[in-house]
Amino acid sequence: MKILLPALSPTMETGNLVKWLVKEGDSVVSGDILAEIETDKATMELESPDDGKVEKILVKEGTENISVNTEIALLRVDGEEIEEISEKPIEKSPQVSSNGSEQPATELKISMNSLLNQTKENSDEKNWSEKEISMREALNKAIEEEMEYDKDVFLLGEEVAEYDGAYKVTQGLLDKFGSKRVLDTPISEHGFTGLAIGAAMAGLKPVCEFMTFNFSMQAIDQIVNSAAKSLYMSGGEINVPIVFRGPNGAAARVGAQHSQCFISWFSHIPGLIVIAPSNARDAKGLLKSSIRNPNPVVFLEHELLYKEKTNVPEENDFLIPIGKGNLIKEGKDVTIIGFSMSVQRILNALPSINKLGISPDIIDLRSIKPLDEELIYKSVKKTNRVVIVEDGFGNTSFGSHLSYLIQSNCFDFLDSEIIKVSGKDVPMPYAENLEKLALPNTDEIVSAVKKVSYIN
Amino acid sequence: MNKKNKNNFTNDQLLKFYEKMFLIRKFEEKAAQLYGAGKIGGFCHLYIGQEAVVIGILSSINSEDTVITAYRDHGHILARGVDPKLVMSELTGRKDGISKGKGGSMHMFSKANRFYGGHGIVGAQVPLGVGIGFAHKYRNEKKISRVYLGDGAMSNGQVFEAFNLASLWELPVLFIIENNKYGMGTSIGRSAAGGELYERATVFGIKGEKVDGMNFFNVSESAIRAREYIEKNSKPYIIEMDTYRFRGHSMSDPGLYRTKDEVNKMKEIDPVLMMKETLLNDYKIQEETIKNVESDIKKQIKDVEKFSLESPLPDLKELYTEVYL
């Protein structure tokens, strides 16, 4: 019987074989632990599916980035013939694509990092000592550094401490800072969010994690009515220095109640700062700035980006100012605007856009509120064409507001209608093909670029 | 020493507490008048009838302790010592209001006086107050977070989440339920199932009691007991105050849900009058002395009124300030 590397989380594509707990020739019964597998979220135990004898171990312990469904061992089960070992790892099950033009993730990763490396040269940033790390690690470093920097910073949320974080973002922080500053809460968003806001009113600087922003809806009153409005309605007396953070948007097939982008919701509220980074570098620099900011900050991450790596400065004084967008690719023909996951979608579409002979400006907003209007208008006045890509529902969306701002500030410069490629106005479906269809895809982005460029 | 005064307050101290209760009473009567005259807008929730609660609690309070409450907050901010002129000017929506005219009756705060509002969403102040208690503990401050809530909030979900967290994390919080029998127009009999309201906290391991909230001495005694318990055990405590509001829920309340007889009967145990009678009869404080206190307050309220009406409207540029720091 072939033992395959199983998918142990909704977003797992590869895993690491941390340790074999059996050796060749060992007898095992169903349920015995064969190995420890590290997924994108945690280290899990792999159980034997049947009684038998470990015939052969095919993947050595310590091997990383093994694709899901790779054969990792052979088990001789009584009464079964020994199977042939495949020459190659079994291919991943074919990915359903709505348009067949999705780029593989590895290419994306490289292009994001190289784009960031290019844009950096144009900025006035100093020469940092950089290391390629994932967004997950970058967020972890940001929290760790800020907790070292300011003893008033503390972290609370569900499973942030002893479990090491539902998505491993807070891994190791309990060990480092102790249970006074890293607190597991009950499943009680309304209560612990209010508690965190109260602590902020009294001068502490909480980092309040939502396991996903879907659960922040339980606490939306506290975020809107207590955190966002207190400074104003107290005439400046009470400020609320807090960061609400966690994954936002659609991950991978987790259904309607766990797949929604709340950027439009939070950006509607005066008093809230809203941040949505697309890459590890920005995630670190912006989370650190958010923790130091005296206002309530809604920091929206994306689960599918947690594993994506870019070069990130290791210095603890690396901060990215809130309110600054990033022109990640400079072109001339059209301005394509995205934030968070939609930046990746734009990069997926970039080869097809380039093939059309179109060279776009690509703007990663990074900060939704305050918004870098200057950067946007400067680009639009150059390209005269705009496509906005957002994962959230299109109806009364942030993209709608953005197109209002652009037409209002750049009316005379526009050579075409503004096109918005948004998530479809349906609860997120579960089926793989429908989920892909519900989110902005390459075809839609390319079609929008063609349309604003009057290319048939 | 009188048996009603287990806390050994001096006559001077008692007179000060009476002065505060009388100030709140007269302030609120003036607010009602100004509301009727169209000088105060929006919502205006008066504290008349509940004065013994806030002043009884005040008698046990360390000046460093913090206080948070919901929207019936005039009495609470006055008890914390904020200048009544600034409070009334907030009600009239003027520049000199404690929130610069941007908060209104329900949203008043003073960090200097350790008063954290002034919150308009029923129940929301309870987790916030627990968070303030969390901050006290985090910083090893010997302070207690005093969290007021009404009987109406006692059926609001986040309040129970807050009880759980306060008890689980052993936070220095005193919960004070001001049970004035009506959540807006709905009597507690029509809104709360089960037994006493404070018992809903005891299931989380929070010790508590129910007290006659119309009597300053009873409130004070239980508040001191609570303070000692919290300081000794580093755990939260809850007191349910049996009290009553003589006025409507807000100024626009027609009061159809209760009879005049009921209100009049409750006025027989008016906390301000009872306190005065106790001072006269049991403490032998001269009527003249009390009259002097009262006339000073009445005079002060006139000044407060004048100030709050003469203070200019906020500058128009204030519209866009203090959205962000």
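**A salt bridge across two chains**

Author: The side chains of D152(A) and R139(B) meet in a salt bridge, with 3.1 Å from N to O. Please bear in mind that this is a predicted model.

Reader: Where do D152(A) and R139(B) lie?

Author: D152(A) lies in the loop between helix 2 and strand 10 of chain A, and R139(B) in the loop between helix 5 and strand 3 (145-150) of chain B, so the pair joins two chains.

Reader: How should I judge whether D152(A) is buried or exposed?

Author: One compares the relative accessible area with a cut-off: buried means under 20%. D152(A), at 13% relative accessibility, therefore counts as buried. R139(B), with a relative accessible area of 32%, is partly exposed.

Reader: How many salt bridges are counted between chain B and chain A?

Author: The count between these two chains is 1 salt bridge. Polar contacts should be read beside it: 22 residue pairs are in polar contact between chain B and chain A, both residues at pLDDT 80 or more. On the side of chain B that touches chain A, the elements giving two or more residues are helix 5 (125-138) and helix 6 (157-168) of chain B. Helix 5 of chain B provides the largest share, 8 residues.

Reader: What kinds of residue make up the side of chain B that touches chain A?

Author: That side divides into 21 nonpolar, 10 polar and 7 charged residues. As for extent, 38 residues of chain B are in contact with 46 residues of chain A. The two chains bury about 3,500 Å² between them, 65% of it on carbon and sulfur atoms. Within chain B, Y138(B), Y324(B) and L325(B) lose the most area to chain A, together 22% of what that side buries.

Reader: Which salt bridges link distant parts of chain A?

Author: One is formed by E38(A) with K168(A), whose closest N and O atoms are 3.3 Å apart. This pair links distant parts of the chain, 130 residues apart: E38(A) is in strand 4 (residues 33-38), and K168(A) is in the loop between strand 10 (153-157) and helix 3 (173-177). E38(A) is partly exposed at 26% relative accessible area, whereas K168(A) is buried at 9%.

Author: Another salt bridge brings together the side chains of K288(A) and E146(A), at 2.7 Å from N to O. K288(A) lies in helix 8 (residues 280-292) and E146(A) in helix 2 (residues 135-149), so the pair ties together parts that are 142 residues apart in sequence. Both K288(A) and E146(A) are buried. A network of salt bridges links E145(A), E146(A), K284(A), K288(A) and R292(A).

Reader: Which side chain makes a polar contact with the side chain of E303(A)?

Author: The partner is T11(A), at 3.2 Å. E303(A) is found in the loop between strand 15 (297-301) and strand 16 (309-313) of chain A. E303(A) is buried, with a relative accessible area of 10%. Leaving aside neighbours within four places in sequence, E303(A) is in contact with residues including K41(A), Y167(A) and P247(A).

Definitions and conventions
Residues are numbered from 1 along each chain as its sequence is written. Chains are lettered from A and ligands numbered from 1 in the order in which they are written. This is a predicted model: local features need pLDDT of at least 70, side-chain atom pairs count only at pLDDT 80 or more; totals for chains, interfaces and linings use all residues. Side-chain values use heavy atoms; hydrogens and water are left out. Contact means heavy atoms within 4.5 Å. Buried area is the accessible area (1.4 Å probe) that two parts lose on being put together, summed over both. A salt bridge is a side-chain nitrogen of Lys or Arg within 4 Å of a carboxyl oxygen of Asp or Glu. A polar contact is a pair of N or O atoms within 3.5 Å; within protein, one must be able to donate a hydrogen and the other to accept it, and residues adjacent in sequence count only if both atoms are side-chain atoms. Helices (H or I, at least four residues) and strands (E, at least two) are DSSP runs, numbered from the N terminus. Ala, Val, Leu, Ile, Met, Phe, Trp, Tyr, Cys and Pro count as nonpolar, Asp, Glu, Lys and Arg as charged, and the others, Gly among them, as polar. Buried means under 20% relative accessible area, exposed over 50%, partly exposed in between (1.4 Å probe, protein chains only).
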